[in-house]
Amino acid sequence: MNRGGTAGEQIDIAVVGGGIVGLAFTQLLIKLLGADVAKLNIALIESRPPLSDQVLADELRVSAVAPVAQAILASIGVWEQLQPAQHCRYTGMRVWQAEGS
């Protein structure tokens with residue numbers, strides 16, 4: 001659902017943040033609630049617009065996903081939707097700031 005709320009609208013559950021954790025939590029909540037989810041007004045709140053495919057393709061940021069988090073993502077059907085080129089095992093990481101400091 002992609003819509004803005006209205007003043008005075010009752011929200012039963014608000015999830016703040018549309019990143020990995022917020023989106024995964026919302027999907028888990030929907031899965032756990034099952035048919036009862038239709039009775040609730042759930043808001044996923046994110047201040048930034050979705051990134052375009054081109055911006056995502058140029059993105060240098062990476063996320064480390066622990067095996068237990070991978071299992072959670074698999075349980076909600078997300079892990080299987082990732083293309084093989086979007087994930088791989090890693091053995092080391094170097095971190096730096098874009099400004100070079």
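This is a short tour of one predicted model, starting with a helix and moving on to some loops and a pocket.

Let's begin with α1, which runs over residues 20-33. It has 14 residues, and from its first C-alpha to its last it reaches 20 Å, close to the 20 Å expected at 1.5 Å a residue.

Which residues of α1 are buried? They are Gly-22, Ala-24, Thr-26 and Leu-29. As for their partners, the buried residues of this helix pack against β1 (13-16), β2 and α3 (67-75). In general, an α-helix has 3.6 residues a turn, so residues three or four places apart point the same way.

Leaving aside residues up to four places away in sequence, Thr-26 touches Val-15 and Leu-44.

Is Asn-41 buried or exposed? It counts as buried, because its relative accessibility is 17% and the cut-off for buried is under 20%. A polar atom of the Asn-41 side chain lies 2.8 Å from the backbone oxygen of Gln-10.

Further on, the loop between β2 and α2 (53-58) holds Glu-46. With a relative accessible area of 33%, Glu-46 is partly exposed. Its side chain reaches the backbone nitrogen of Gly-18 at 2.7 Å, and a polar atom of that side chain also lies 3.2 Å from the backbone nitrogen of Arg-48.

| Side chain | Backbone atom | Distance |
|---|---|---|
| Asn-41 | oxygen of Gln-10 | 2.8 Å |
| Glu-46 | nitrogen of Gly-18 | 2.7 Å |
| Glu-46 | nitrogen of Arg-48 | 3.2 Å |

**Sequence distance and distance in space**

Some pairs of residues show how the chain is laid out. Glu-46 and Leu-23 are 23 residues apart along the chain, with 10 Å between their C-alpha atoms. Glu-59 and Glu-46 are 13 residues apart in sequence, and their C-alpha atoms are 19 Å apart in space. Then there are Ala-69 and Glu-59: ten residues apart in sequence, and 22 Å apart from C-alpha to C-alpha.

Where do the members of that last pair sit? Glu-59 is in the loop between α2 and α3, while Ala-69 is found in helix α3. Glu-59 counts as partly exposed, at 32% relative accessibility. Ala-69 counts as partly exposed too, at 29%.

**A pocket to look at**

Last stop: the second largest pocket, which holds about 280 Å³ of space. What lines it? The lining is made up of Leu-60, Arg-61, Val-62, Met-93, Arg-94, Val-95, Trp-96 and Ala-98. By type, those residues divide into six nonpolar and two charged, with no polar ones.

How values were computed
Residues are numbered from 1 along each chain as its sequence is written. This is a predicted model: local features need pLDDT of at least 70, side-chain atom pairs count only at pLDDT 80 or more; totals for chains, interfaces and linings use all residues. Side-chain values use heavy atoms; hydrogens and water are left out. Helices (H or I, at least four residues) and strands (E, at least two) are DSSP runs, numbered from the N terminus. Buried means under 20% relative accessible area, exposed over 50%, partly exposed in between (1.4 Å probe, protein chains only). A polar contact is a pair of N or O atoms within 3.5 Å; within protein, one must be able to donate a hydrogen and the other to accept it, and residues adjacent in sequence count only if both atoms are side-chain atoms. On a 1 Å grid over the protein atoms alone, a cavity is a set of points where a 1.4 Å probe fits but cannot get out, and a pocket is an open set with protein on both sides within 12 Å along at least five of seven lines; lining residues have an atom within 4 Å of a point. Grid points are joined across faces, edges and corners, and a volume is the space filled by probe spheres set on the points. Ala, Val, Leu, Ile, Met, Phe, Trp, Tyr, Cys and Pro count as nonpolar, Asp, Glu, Lys and Arg as charged, and the others, Gly among them, as polar. The expected span of a helix is 1.5 Å times one less than its number of residues. Contact means heavy atoms within 4.5 Å.
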